[in-house]
Amino acid sequence: MTNKPLLGPRKTKDDKKLHWEGSSEHLRKALDLSKIVTRRFQLVALAVCVGMAAIVVRLYSIQMLKTDDYAQKLATYTRRYQTVTTPRGEMLDRNGQVLVGNKQRLNITYFPPQGISDEKEWELARRFSTDYEVDETQLGTRDLKDLYLSLHKKEIDAERITEEEMAAYYKGDLNDNDIYYLELARITEEDLQTLDTDLRKAYVVKQAMDMPSSGQTKIIKSDVTVEEAAFLIEHMEDYQGFNVDFDWDREYPFGTMLKSVLGTVTTSKQGLPSEDLDYYLALDYSRNEKVGRSGLEKQYEGLLSGKRSVYDLAYDENGTGYLSEVNEGSKGYDLELSIDARLQQKLDEILTQVLTEYKDDPWRPFMDRIMYVLQDPNTGDILAMSCMIRNADGSISASPTSIYTDAYAPGSVVKGATVYMGLDQGVIQPGEKILDNYIKIKDTPIKKSWKTLGWVDDVQALAQSSNVFMFNVAIRLGGGTYIENNPLQIDANTYLLMRSYYSQFGLGVLTGIDVPNEAVGYMPGKLANAGNTLDFAIGQLDNYTTIELAQYVSTIANGGKKIQPRLVRRAFDPGTQNVVYENYVNVLSTLENPAALERVRQGFNACVYGGICYGLTDVPVTMSAKTGTAESFINVTSEDGTTTRYDTTNNSVVAYAPAENPEFAMACMIPNAWITGGGSQSNLCLRITNELTKAIYNPNDVAENANLPADTDPGAEIPTDTPALPPAQDPVEPQASSDPAQ
């Protein structure tokens with residue numbers, strides 16, 4: 001057998017041509033390199049031509065057809081915009097009277113011209129401080145050290161920074177900031193004395209010129225006179241970059257009335273508050289913009305701030321910047337508040353008069369504040385809210401925010417919630433009588449009412465303010481059995497159920513009033529013993545704010561709807577008067593037992609007509625009310641450092657009118673109304689409520705102030721061994737009520 005190669009050429013017998021065994025077919029073809037190279041070159045050339053043609057077409061489109069579009073985009077990307085804050089919206093009372101408005105003022109501003117040097121700015125600052133009055137006393141020690149350092153940095157570095165410190169700096173152990181603080185530390189008081197007054201004034205101006213403002217104009221001097229503005233305009237050639245513009249400030253036609261509730265606005269110098277900086281920057285605010293800092297100004301910033309004007313910044317041939325308007329701004333929306341300015345003024349006046357009248361009363365040495373809320377129980381509208389404080393020097397100042405931030409033990413006014421709870425839980429029945437005598441638990445003092453009332457039902461218990469009736473409600477609610485002089489066992493979680501019921505009226509929870517920083521009050525943790533639970537039932541344990549008391553009595557007045565209080569009713573466009581925001585009446589919850597609530601309403605009415613609230617019987621409208629007193633204390637430190645505790649009594653009243661179809665709800669709180677030891681004093685909340693009600697219904701015929709009969713609802717026995725007052729008293733701060741004496 002002949003071995004044939006598997007691959008390679010071979011000849012056959014009848015064919016003299018070579019045959020390639022085992023190879024692909026294309027290898028049998030003749031190789032034509034010239035033809036292959038030519039074809040590839042042609043393909044590459046064609047691709048290059050197509051690409052060049054596409055580029056030419058694109059360049060023609062950009063440079064010839066779309067020149068204007070791209071020029072506009074370039075201008076947009078490189079344009080420097082400046083926003084100008086427009087006047088804020090005003091705040092008006094429910095009758096259209098302006099509570100917060102705007103007043104226009106003139107400012108001298110500065111925007112750095114292109115390429116201006118630091119030396120040129122110093123020259124401008126010196127000229128300005130010469131031509132205008134500048135207060136250099138605002139400079140602090142740190143400011144003066146910075147000024148001295150800017151003038152003598154080389155000298156300080158050479159003479160006061162040691163070689164070792166500089167070596168550490170070059171080595172990297174100290175950074176620029178470390179060296180800066182070393183330089184400041186080496187500047188002495190004698191160095192600062194070399195800075196004359198003219199230089200200091202110029203530095204005040206230079207600081208304003210250097211103030212970072214995110215590309216915005218800098219305010220050099222605010223609220224200038226027309227003459228000062230005219231002088232600058234006449235000498236513009238000497239003040240390159242300076243200008244005069246209009247700005248605004250808040251004004252308050254009613255003075256300080258409700259000012260802390262209405263809130264404050266930052267100045268252009270203060271700019272955005274540091275605590276909210278990121279928030280406002282995310283909303284595209286400028287760093288030096290005015291924003292609401294507190295109160296309603298902050299709560300409704302989005303409505304009040306308005307739409308800012310936007311200007312395009314350009315420069316003339318001299319490098320001086322000028323502005324052209326891009327987007328026109330608009331004033332902020334006006335707010336219509338629930339406040340009635342007339343009633344607010346009258347309430348402030350009444351509280352001020354009472355504090356002034358009793359400033360020298362020996363039994364009321366710590367009565368330094370009165371809080372009061374007047375509310376529409378059907379809508380939650382706050383018609384008036386006031387807290388007047390007598391200062392150590394005898395002057396009277398307003399602190400209306402205390403209405404929703406400061407809490408005190410209210411006493412018997414909460415008994416309406418206790419009775420409702422007992423009826424709803426079925427532990428007492430409507431009309432059921434309980435003997436009001438006293439409660440004596442083993443190893444504790446006697447607990448009783450202000451006097452022995454005998455047999456009383458639920459309505460009479462409210463009218464006469466029976467403590468013992470409320471004690472029995474709490475005992476039954478906790479599954480306890482009272483046996484005189486024996487231990488009293490009550491379910492340890494009873495207080496949780498009681499707090500749940502109280503919260504349905506608005507006690508011990510946030511009311512939701514539309515202002516920042518509302519406080520919930522003070523509620524101790526787990527109650528230690530049965531006595532604490534009994535105290536809780538008569539308002540002698542948890543502390544509540546006055547706005548909580550107002551929500552509580554409003555819930556009773558309107559038939560069981562717990563409504564969120566509101567200070568703002570709506571916002572509207574000042575130009576078109578179109579309403580842009582409505583703060584609707586918000587019913588948070590509704591009591592589910594109208595029959596039980598009706599018994600409470602009957603008890604409140606009986607308190608005025610036949611009960612202990614008889615100080616309200618001479619008003620020109622029917623009323624329902626409940627008084628309260630609660631034990632508290634205050635610590636006084638004398639000049640020799642001795643601290644003495646004084647037992648005091650808080651006064652309170654909740655009321656509504658007319659009794660049949662309430663239009664007004666009232667809540668009053670007077671902490672530390674008197675010191676214990678001299679018997680019960682008059683509950684001045686009754687007098688205030690009497691006078692305010694007369695002002696509401698007879699605005700032109702308000703009776704003269706008169707002392708009303710004493711409120712005889714002390715809530716507990718008053719000891720007579722109160723220590724004498726020290727001859728000199730330091731200012732003291734009222735303390736929260738602790739576990740009261742049994």
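Reader: Which residues line the largest cavity?

Author: Bear in mind that this is a predicted model. The lining is made of Leu258, Gln344, Asp348, Met385, Ser386, Cys387, Met388, Ala398, Ser399 and Pro400. Strand 12 (382-390) and helix 14 (341-357) each bring at least two residues to it, and strand 12 gives the most, with four.

Reader: What makes a residue count as part of that lining?

Author: Having an atom within 4 Å of a cavity point. Leu258 is one of those listed, so it has such an atom. By class, the lining has six nonpolar, three polar and one charged residues.

Reader: How many cavities of 30 Å³ or more are there?

Author: One, and the largest cavity holds about 30 Å³ of space.

Reader: Why are strand 11 and strand 24 called paired?

Author: Pairing takes at least two bridges. Strand 11 (residues 369-375) and strand 24 (residues 664-675) have five, in the antiparallel sense, so they pair. Tyr372 stands opposite Cys668 in strand 24.

Reader: What makes strand 13 and strand 22 edge strands?

Author: The open sheet has six strands in the order 13-12-11-24-23-22, with antiparallel pairing. Strand 13 (396-398) and strand 22 (624-637) each pair on one side only. On average, neighbouring strands are turned by 15° against each other, direction ignored.

Reader: Where is the pLDDT below 50?

Author: Over residues 702-742, while the protein averages 85. That stretch still has 117 contacts in the model beyond near neighbours in sequence.

Conventions:
Residues numbered from 1 in each chain as written. Predicted model: local features only at pLDDT ≥ 70, side-chain atom pairs only at ≥ 80, totals over all residues. Heavy atoms only, no water. Axes fitted to C-alpha atoms, helices over the stretch in contact; angles between N-to-C directions. pLDDT = per-residue confidence, 0-100. Contact = heavy atoms within 4.5 Å. 1 Å grid on protein atoms, 1.4 Å probe; cavity = no way out; pocket = protein on both sides within 12 Å on 5 of 7 lines; lining within 4 Å. Points joined across faces, edges and corners; volume = space filled by probe spheres on them. Nonpolar A, V, L, I, M, F, W, Y, C, P; charged D, E, K, R; others polar.
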